[in-house]
Amino acid sequence: MKALTVRPGRAGSLEVTDVPEPGPELGEILVAGLALGVCGTDREIVAAEHGAAAVGRDRLVLGHESLGRVLEAPEGSGWTVGDLVVGVVRRPDPVPCGACARGRSDMCRNGRYTERGIQGVDGFGSERWRIEPDYAIRVDDSLGMLGVLVEPTSVVAKAWEQVELVGGRSWFEPESALVTGAGPVGLLAALLGVQRGLDVHVLDRVTDGPKPELVRALGATYHAEPVTEVMTALRPEIVLEATGASSVVVDVLSGTARYGVTCLLGVSPIGRPVRVDAGGVNREFVLENDALIGSVNANQEHFRTAATALADADRDWLDRLITRHVPFDRATEALEPEDGGIKTVIDL
Ligand code: BGC
């Protein structure tokens, strides 16, 4: 069968190749791949900055933003042929650490977890793939191809959960939130903020293209002013930082409301130092009981929350997030960044 594979650690090795059918060790459910979302992590793997193939293998089947239809499922698994399914990305470390032992591999402590299509196990960028019933997430049929947005939404569902858990350490009834970055993660974070009834603001650099209008269509407010200006004007109670840009990360550390919760979601490049008034940042955090957290990955519960949030969302709006469809044969082109676009999806 056809698969999008890469040799981790070797830039320029991405190819659509012929690979054997997925082995039963990958799960009892056999799935026909429908669509594969592409994100910054995939681009990092292709650039040889991240990722690992399975032990004893050179190449990795790329792809962790999955969507497929069940082809075969064991009796009693609750799955039937034709069901729409998305695969959870991370698997527990083999030790396992305390978090993985308790079903929270998204919070793994020793870093020895594996991730489908990223770290040590094949992903979902193939004509057929397999998944274990415990890691298979049901997608409402009415979502159709939009189910490919479940994985990135699961990442923001976890971020929102973390913000609420941290806020929950004392009285917390937030009314406003700022999301920095209007890429797929930022826009989906804004969607979940609006679904919570918050006054949501989204900041990005661009003033044209689909982003400003997508934010407005949610009933949120779009900003393209400098970050510090927006922070001063809004004093947001919650910040979800989804650009990963060092200067933005630093700028959102100051100027939240008292008891502000800032959650960092973007994975930044390293080695780009920026100047920070550490005393000023520290002073504000201490005197205002502010909190700063990082959040990565998502567990089964977050995937289910994400599938529900998408099922409740406006289909047209979700459809507009997918700005480019690439056919499987030309899948390597999907990894090239799309100027002004939002989410690229490979049609499997
Ligand atoms: C994925 C996460 C993963 C992270 C780091 C992200 O793109 O959505 O599931 O944990 O990359 O590998």
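User: What should I know before reading the numbers?
Analyst: The model is predicted, with local features needing pLDDT of at least 70 and side-chain atom pairs counting only at pLDDT 80 or more, while totals for chains, interfaces and linings use all residues. Residues are numbered from 1 along each chain as its sequence is written, and side-chain values use heavy atoms, leaving out hydrogens and water.

User: OK, which domains does the assignment give?
Analyst: The protein chain is assigned domain 1 (2-138 + 314-347) and domain 2 (154-294), with bounds that come from an automatic or database domain assignment. Their centres, taken over C-alpha atoms, are separated by 28 Å, and the contact (heavy atoms within 4.5 Å) takes 13 residues from domain 1 and 15 residues from domain 2.

User: How much area do domain 1 and domain 2 bury between them?
Analyst: About 1,100 Å², of which 69% is on carbon and sulfur atoms; buried area here is the accessible area (1.4 Å probe) that two parts lose on being put together, summed over both. On the domain 1 side, W317, R320 and I342 lose the most area to domain 2, and together they account for 53% of what that side buries.

User: And how many salt bridges cross that interface?
Analyst: The rule finds 2 across the interface of domain 1 and domain 2, where a salt bridge is a side-chain nitrogen of Lys or Arg within 4 Å of a carboxyl oxygen of Asp or Glu.

User: What about K2, which residue does it pair with?
Analyst: The side chain of K2 meets that of D329 in a salt bridge of 3.0 Å, N to O. This pair links distant parts of the chain, 327 residues apart, with K2 in strand 1 (residues 2-6) and D329 in the loop between strand 18 (322-327) and helix 11 (331-334); helices (H or I, at least four residues) and strands (E, at least two) are DSSP runs, numbered from the N terminus.

User: Switching topic: at what angle do helix 3 and helix 9 cross?
Analyst: The axes of helix 3 (residues 150-167) and helix 9 (residues 300-311) cross at roughly 110 degrees and come within 8 Å, the axes being lines fitted to C-alpha atoms over the stretch in contact, with angles from 0 to 180 degrees between N-to-C directions. Helix 3 is therefore roughly perpendicular to helix 9, a label that covers 65 to 115 degrees.

User: Last one, where is the cis peptide bond?
Analyst: The peptide bond from V95 to P96 is cis, with omega near -20 degrees, and P96 lies in the loop between strand 7 (90-91) and helix 2 (98-101).

How values were computed
Angles under 35 degrees count as roughly parallel, over 145 as roughly antiparallel, 65 to 115 as roughly perpendicular and the rest as oblique.
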